[in-house]
Structure formats: C-alpha cells, structure tokens
Amino acid sequence: METPLTNNISPGKEPPDLRQYENGGGYAAVRKALRMAPAEVMALVEESNLRGRGGAGFPTAQKWSFVPMGNDAPRPKYLICNADEMEPGTFKDRLLLEGNPHQLIEGMIVSAYTVQADVAYIFLRWAYKLAAERLESAIVEAYRQGYLGKNILGSEYSLELYLHVSAGRYICGEETALLNALEGKRANPRAKPPYPQVSGLWGKPTIVNNVETLCNVPHIVNRGAAWFKNLSRGANGGTKLYGVSGRVKNPGLWELPMGTSIREILEEHAGGMRDGYRFRGLLPGGASTDFVVADQLDVAMDFDSMQAAGSRLGTGTMIILDDKTCPVGMLLNLEHFFAQESCGWCTPCWSGLSWIEQILQRLEEGSGQSSDLERLQSHARLLGPGHTFCALAPGAAEPLQSGLKHFGDDFDRHIHEKRCPWR
Amino acid sequence: MLSEQEKQQIEAKVQHYPNKRALCLEALKIVQEHRGWVTDEGIADVAEALQLTPAELEGMATFYNMIFRKPVGKHVILLCDSVSCWIMGYERLREHLTTRLGIGLGETSADQRFTLLPNVCLGACDHAPVMMIDNAHYQDLDPGKIDEIIAMYRQEDIAR
C-alpha cells in the first residue's frame, strides 16, 4: 500500500530538511512542471480526479480553471494555502505541516505555476506554533535554493511565498472570510459571485486550496494521473488521511486508500471500541457532518459514497460517540461551538444558533418539552443551504438534524425523566 | 508610542503585503507579545503606525479571540472544549483547573500567574483531552497530569 503523503513523515521527529527532502526526490515536481506548459499541468491534475481535501470535495483542476490566464489577466494573481485547521475533531493537516513542510511548499509552487500566480500565502492558524517554526525555516531554505523568488530555477516563472499566522476564529477557514482576514479585516464571508478565482484577495484572481490537497500535487506531477487514480479503492482518486478520536482503543491518523470503509478504519486501525464502551454513532468528517450510525459502517469513506449515505466525507477525521456519552450533551457541545464561532454576519446563523444552544441546554438539563424538538427541526431547516453567505450555518445544521433523527429516544428520555440520564 | 523593537518587528513584515491594513493583526500580536495584552494605548499606537483609525483596530481586536483587550496573567491556559475533548473528559478537567487555580473561565488568578480560557479544537484530538499553556501543547491530560504541569510553571516562575 502506497502512502505518498506521509512517506517522509516520522511523527515526533524533525521533518526532512531541504537536503533530505531533495534526496528523497523532493522538488523534482517543480523541475518537471516548469518544463511543462501550465495548461499541461492543469490537464494532468484534472485527469487525476483530485478533489479538495478541506471538506467540500470540489475538483481541484476545475477550481483552478476559472482563473483568468494570459497576458490580459489581472495581476498579481494569488494562491493561498488554507492551513486554518480548526474543524472540531480534525487533526490531519497538522501532521503534513509539521511533518514535511517542503512537501507543502513544493505543492504550492507547482499549483501556483499552474494558475500563474505571482504571490502565495500560507494562512496558518495561530495554535500551530511548531508548524509555524518549521514552515518559516523551510521557506527560507526554498528561497535560498532558488525554488522561490525571481526566475525559479532559471525559468521565466517567479513566485513569492509568505507565511501568514492568524489570530483565531473558526470562520477564517471559510474561503472568502479567509480573504477578508488576510486583508486585515474582520473575517466575514463575502457574497459569491464573484468567485475568488476571478475576484479574490484584494480583488485579484485567487485560488484557495487545503493543505492536504496541495500536498498531493507534486506526487501527481511525478507519478501521473493513472497512478494517482489507482491509489484509491473507488472512483475518487488518491489516498486520504483518516483520523479517529473518541473512546476507541487506538485513536490516531492514517494515510489509507481513498474509499476505505468506515468499519475498516474504525476496527482495524483504531482498534474498535475501548472495553466497556459500545458504539452509538460517529461524525465522519469533523463537527459539521451528519451522524452515521451502526448500519452504515460499510460505507466507503469517499466523497460520493458518503454523500449517498446522507452525510459527507468532510475532513475524513471521525469523532466517535459511545454509549456512556450523552448524545444531547454532545449536540449541545457542538452547537455551542457553532454559536460561539458564528461571525455574526447572517441572521439564521448568529440568531438561530444561539437559540439552538439555549434549547439544547434546557433539554440537556431536563427542563425541555416535546415542542422543543420541533423548534430545533425548524431552526435546522432555516440554517440550510442558501439562507446564509457561507457554509458554517448548513454545517451546523448537519449534526443537529441527523442527531435529532438518530437519537430521538435519547431526547425523549431527557424530556420525560426531566434530567440527563447520563448524569 | 511603539517601541523600537515593536517597530522593527512590524517593519519586517511590510513587504509581505501590498498595503498597511493587512499588517494590522500582526502588529496587534506584536504589541501584545511585548506588553502582555493590547491596551487602549496599544490600539492607538498601532493605529498611528498603520494609518488606520483606533475604531478600525478595535473592530479587529474584538473579533479575533487571540488578541487580548483585557489584562491576562503571566501564563494563558487554553483548555480545549471542543467535541473530542468534551467526550474524553473536558468537564472534569475544567472543574479540576478552576478549583486548583481558584478562578472561573475567563479569569486570572490572584497572583496574576494564570489566566484560564476555554478554546476551540487545538488539533490533537487523538490525544484528547488537551490544552495549551502559552506556546506549549499538553496532551492526554488527566487531573494528576494537570497538577504536575501547573506545579512546573509555578516552580519555573519562582526559579527565575
């Protein structure tokens, strides 16, 4: 089984420096891409079927294809790496950032070349201090070696790359809110259209890609689209970093073929439930995905299969709900997070989520009524797609609506017993 | 007035961005690093340096949660309260820390040594529950381990 993303990563150890990275074949993709036309690199990535690993699963090459090209294109064009990993339960990009910063930089150079970007930023969350340190020194090394800056490796292509460390707030991970944050404004999302590819950072064409997405690019350039597609078990190509947290025997993170089943990840890699705990359900890809329950464990963890199963792959990092944890309490925790992190821009989000939190609070405390469940349902509908500028609100609705569906009996017990049965 | 060091650190990032506004969060972080928190004077100093209004900076400072507009203790404890840590025992740790330090969330201990803040997911969910103190991450926590870590900070402060 091939693990291109994590091959050079030894958790707990120093990441490969420039020399070690080059000795392992590093920066070969930059050399190769610079000899190709940008359109050829784009075609290769398109053929590979690479889809965004930040959670939405949008085809990467298609996203890139909206960037205006040619001499008339507005300048400068920007490429941004979204390294604002803050989705609760998600800890995958951190491994790539800390474990092999040169891989990300190489992916950014190749991707930036493909859309002919002039400036690139890594938008990093403040909490990842070690990643910041390691990225800083890798960027210096890459400049020194001529992989960044003017006329990269003697070519016509130039790229400046900067690390931008944020100052908190989940909303910054939203593509257009991130642009505002980077411009030195409050991180409120922007109306789309215009899409960032046409009018993004400072009104210029801008691509925002996730860390894991960008880290795949050098391998696709080096090894080809067919190789990439063959890494996976289904139609969605490549490998995927899958994580598991909660009361399992062996919580962790693994690079596996895209399309590995939930059951295999949960049982073979995470070792199954800890002794004395039974499985109740899981959020497959972070806080903003729909619950998956026991009869869905054979679903493949890829974009299409998870969607067909009524959930989303999201970030691919699962959070396990066990039988000794209260599902209502868990939903209260999740919706508290979303209410707190709402940026305050759209009414269904800032107003609706605080009501949802209050209703869940009283249900959890045993003072809720049956009519509260209908209220929650109607709030979940109001948070749905199309009612807000960004996906934070629909994301908050996903665990809520699926939690109400799967754990209705647990809600009823809170209402009838007038207390939380778990406390 | 910004100190020479603050000015230099801000100046070092100027070329990263096409305008000064984009520097404002970085500048607030630099001021906070030197002064412990961002005072009204700090807001005014950064506003002057970047040619923004104090109100614009206030809007930034109050939006981003890692900018402190109130005094904090010598060490800031960020206890993760997101879902994986909640499942793995956040409430027990919160009780333990608030009792141990004699403060609630958002408060600073009487000796000005610790400020306790809840924080969203710190990205180490396979080692939940977790917290950060200043720039350091602590994982797989339980009350005993927390006592050891707090004692270590107390000792280091006294030794200094």
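**Backbone geometry in the predicted model**

User: Where in chain A does A:Trp202 lie, and what is its phi?

Analyst: This is a predicted model. A:Trp202 lies in the loop between H8 and S4 of chain A. Although A:Trp202 is not a glycine, its phi is positive, at about 50°.

User: Is A:Trp202 buried, partly exposed or exposed?

Analyst: Burial requires 20 or more other C-beta atoms within 10 Å, whereas 12 or fewer make a residue exposed. A:Trp202 has 16 C-beta neighbours inside 10 Å, so its class is partly exposed.

User: What is the omega of the peptide bond from B:Ala128 to B:Pro129?

Analyst: In chain B, B:Pro129 belongs to the loop between strand S2 (114-119) and strand S3 (131-133). The bond from B:Ala128 to B:Pro129 is cis, and its omega is near -5°.

User: Is B:Gln51 buried or exposed?

Analyst: B:Gln51 is located in the loop between helix H3 (40-50) and helix H4 (54-63) of chain B. Its phi is positive, about 55°, although B:Gln51 is not a glycine. Because B:Gln51 has 9 C-beta neighbours inside 10 Å, it counts as exposed.

Terms used: Residues numbered from 1 in each chain as written. Chains lettered and ligands numbered in written order. Predicted model: local features only at pLDDT ≥ 70, side-chain atom pairs only at ≥ 80, totals over all residues. Helix = DSSP H or I, 4+ residues; strand = E, 2+ residues; numbered from the N terminus.
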